[in-house]
Amino acid sequence: MASGVVRAEAEAPTAPTAPPYLVIQQVAKSFGTFAALHRVSLTITQGEFVAFLGPSGCGKTTLLRAIAGLDPPTTGSITQGGRDITGLPPEMRDFGIVFQSYALFPNLSVAQNVGYGLRGGGWTRARVAERVAELLTTVGLPEQAQKYPAQLSGGQQQRVALARALANEPGLLLLDEPLSALDAIVRINLRQELRSLQRRLGVTTIMVTHDQEEAMSVSDRIVVMSQGRIEQVGTPEDIYRRPATPFVAGFVGRSAHFDAKIDTPANMLITPDGLRLEARGLAHLLYGARVEVFIRPEDVRIGPEALVMRHHQGVVTHVEFMGALSRVSVELGRLRLDADVPAGMVTALGAFVGSAIPVALPPEALMVFPTDV
Ligand SMILES: Nc1ncnc2c1ncn2[C@@H]1O[C@H](COP(=O)(O)OP(=O)(O)OP(=O)(O)O)[C@@H](O)[C@H]1O
C-alpha cells in the first residue's frame, strides 16, 4: 500500500480510451450565503458508472440536481456530449432520473407510469405498448404491466421507476439514493441488477449514495465529497487503498487513527507516548513534522505473525465475533487498534481478553498524512 503523503489532484485522470461525456467545470452553488458547492470540477466518460459518496449534507444531491438542471449552479459550466447545458431547463436535457422515493404516479398503472414520458413523442399507441413491454422485461417485471404502484413491493416500484427513467433512451442516468428505502437483501440484489443493466445498455450513470459498500460494489469510479468539495476521484480500490486525504482515509472503510511525528531516520514515526513505527514514503518530511496516521483492521498483525516483524507488546481488550472474521481490539500504550483475523484463528493467535500479545503495524500499511502543510 502506498502512503497517502502525496495529496492527489482532486480530479483523477480519466481513461484515455473513453471520450469525456459530462464535463463539470468550476461549478459552485450557494443557497443565500451558504455555499453548498465550492468550485467543483469533474469529467465523466462515456458509459461510466460513477458514484457520488459522502456524509449527509456534503453536496452530493446539490451536484446531481445541478447536472439535471433542477437547481442550476451559481457559477461554472456543465457540458454533456459536447453541448453546453448549464442554463438549459430539465426538459431540454437528455437524462432519466430515479429518486429514493420512487415518485410513481399512484393513479396510473405500471405500464402507464413507464410510458408516461413517451406520450406526445410522435409514437403510435402500438409502438408505446411495445416499448413499455420491452422496458418491463428489461427490469424484470414483464407480468406486472396492469398493476398499480400500491400493489408492488418497494423493490418492484423502484424497478418501474428505473424503466420509466430509461424509456427515452437517455444519454445520462441519474440515480438519487435509489436503493436507500429498500431492505438489505432487496437492496443488494437490485444494485447488482442495476449494474449489469447499466453495463448492458452502456448508459453513463451517476448514483448519489451515502453507503460506501454500495458505491464500491457498483462503480467504475467514486467521487468522495465533503463540505461541498471533492476530496478524491478514483476507482473503488484507489480510494480504499490509496486515500488522497485524511478525510477519505477516515470516511471510507474502517481504520484506527492516531497522531505522530517524524523521527530519525526519516522513515520512522514516533507517537506521543513514544512508540516508534516504521513507515514508507516519508523521505521529504523533516524531522519533527507532525503527521496523522491511519491503519485498517485487516492490516494490523497480531500473535506469531507479528513476532517475525518489528513488533510491540499489546494487550487484548475485546474480541468480537463477526462471522468469517473476528475483530480483536488491542491496546498498544495509548493506541487503540483493531485487528481483523479469520474467526477460527483467534485461539491459535492467543487472542484472549486481558492477555499480552505481539502487535505489528506493517510499514506499507500505514497511511500517513502531514498535518503541518
Ligand atoms: N434549497 C436549499 N436551500 C438551502 N440550503 C440547501 C438547499 N438544498 C440543500 N441545501 C444545503 O446544502 C447542503 C448540501 O445539501 P445536499 O442535499 O446536496 O447534501 P447531500 O450530500 O445530498 O446530503 P444527504 O445525503 O443528507 O441528502 C446541506 O447543508 C443542505 O442543507
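Mentor: Let's start with the domains: the centres of domain 1 and domain 2, taken over C-alpha atoms, are 40 Å apart. This is a predicted model, where local features need pLDDT of at least 70, side-chain atom pairs count only at pLDDT 80 or more, and totals for chains, interfaces and linings use all residues. Residues are numbered from 1 along each chain as its sequence is written.

Trainee: Which residues does each domain take in?

Mentor: Domain bounds come from an automatic or database domain assignment. Here that gives 20-251 for domain 1 and 257-370 for domain 2.

Trainee: How many residues does each domain put into the contact?

Mentor: Two residues are in contact if their C-beta atoms, placed from the backbone, lie within 7 Å. Domain 1 supplies four residues and domain 2 five.

Trainee: What about the largest nonpolar core: which residues have the most contacts inside it?

Mentor: A nonpolar core is a set of buried Ala, Val, Leu, Ile, Met, Phe, Trp, Tyr and Cys residues joined through C-beta atoms within 7 Å; buried means 20 or more other C-beta atoms within 10 Å of a residue's own. This core has 102 residues, and Leu 174, Val 223 and Ile 302 have the most contacts inside it.

Methods
A residue is buried if 20 or more other C-beta atoms lie within 10 Å of its own, exposed if 12 or fewer, and partly exposed in between; C-beta atoms are placed from the backbone.
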